[in-house]
Amino acid sequence: MSQHKTKSNQEFSIERPIKKSRKEHTCCHCHKTIPTKSTYVRTVGVAESPRHYGNDFFSNAWHQECLEDHQGYVRDRLRRQG
């Protein structure tokens with residue numbers, strides 16, 4: 001498991017590969033179904049919330065290809081920002 005910290009010290013996420021899903025999930029990137037008994041990546045974490053005092057917990061299911069595509073997009077955007 002790898003932990004990714006962002007600019008804030010109160011925001012993080014953890015990637016966890018799941019070998020076999022027990023139920024259908026929906027990929028948060030492409031919104032397609034992840035079938036039962038297939039592999040996917042689950043990301044969980046905490047993000048700062050401007051709406052209330054505290055943080056928002058998130059848990060997302062991803063196809064491996066969708067997660068890699070999203071991480072490449074984020075790296076590209078950060079590189080352009082400098």
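1. Ser38 sits in the loop that runs between strand E4 (33-34) and strand E5 (40-48), where strands are DSSP runs of E with at least two residues, helices are runs of H or I with at least four residues, and both are numbered from the N terminus. This is a predicted model, in which local features need pLDDT of at least 70 and side-chain atom pairs count only at pLDDT 80 or more, while totals for chains, interfaces and linings use all residues. Residues are numbered from 1 along each chain as its sequence is written, and side-chain values use heavy atoms, with hydrogens and water left out.

2. Ser38 counts as buried because its relative accessibility is 18%; the cut-offs are under 20% relative accessible area for buried, over 50% for exposed, and partly exposed in between, with a 1.4 Å probe and protein chains only. A polar atom of the Ser38 side chain lies 2.6 Å from the backbone oxygen of Pro35. When residues up to four places away in sequence are not counted, Ser38 touches Lys19, Lys20 and Ser21, contact meaning heavy atoms within 4.5 Å.

3. Helix H1 covers residues 64-81, and its 18 residues should span 26 Å at 1.5 Å a residue, which agrees with the 26 Å that separates its end C-alpha atoms; the expected span is 1.5 Å times one less than the number of residues. The residue that follows H1 is Gly82, and its phi is positive, near 95°.

4. The salt-bridge count comes to two, a salt bridge being a side-chain nitrogen of Lys or Arg within 4 Å of a carboxyl oxygen of Asp or Glu. In one of them the side chains of Arg79 and Asp76 meet at 3.5 Å, N to O, and these two residues both lie in helix H1, three residues apart, about one turn of the helix. Arg79 counts as exposed because its relative accessibility is 59%, whereas Asp76, at 24%, counts as partly exposed.

5. Asp76 also meets the side chain of Arg80 in a salt bridge, at 3.1 Å, N to O. Because Asp76 and Arg80 are four residues apart in helix H1, about one helical turn separates them. Arg80 is exposed, its relative accessible area being 62%. Through salt bridges that share partners, Asp76, Arg79 and Arg80 are joined into one network.

Conventions
Polar contact = N/O pair within 3.5 Å; in protein donor to acceptor, adjacent residues only side chain to side chain.
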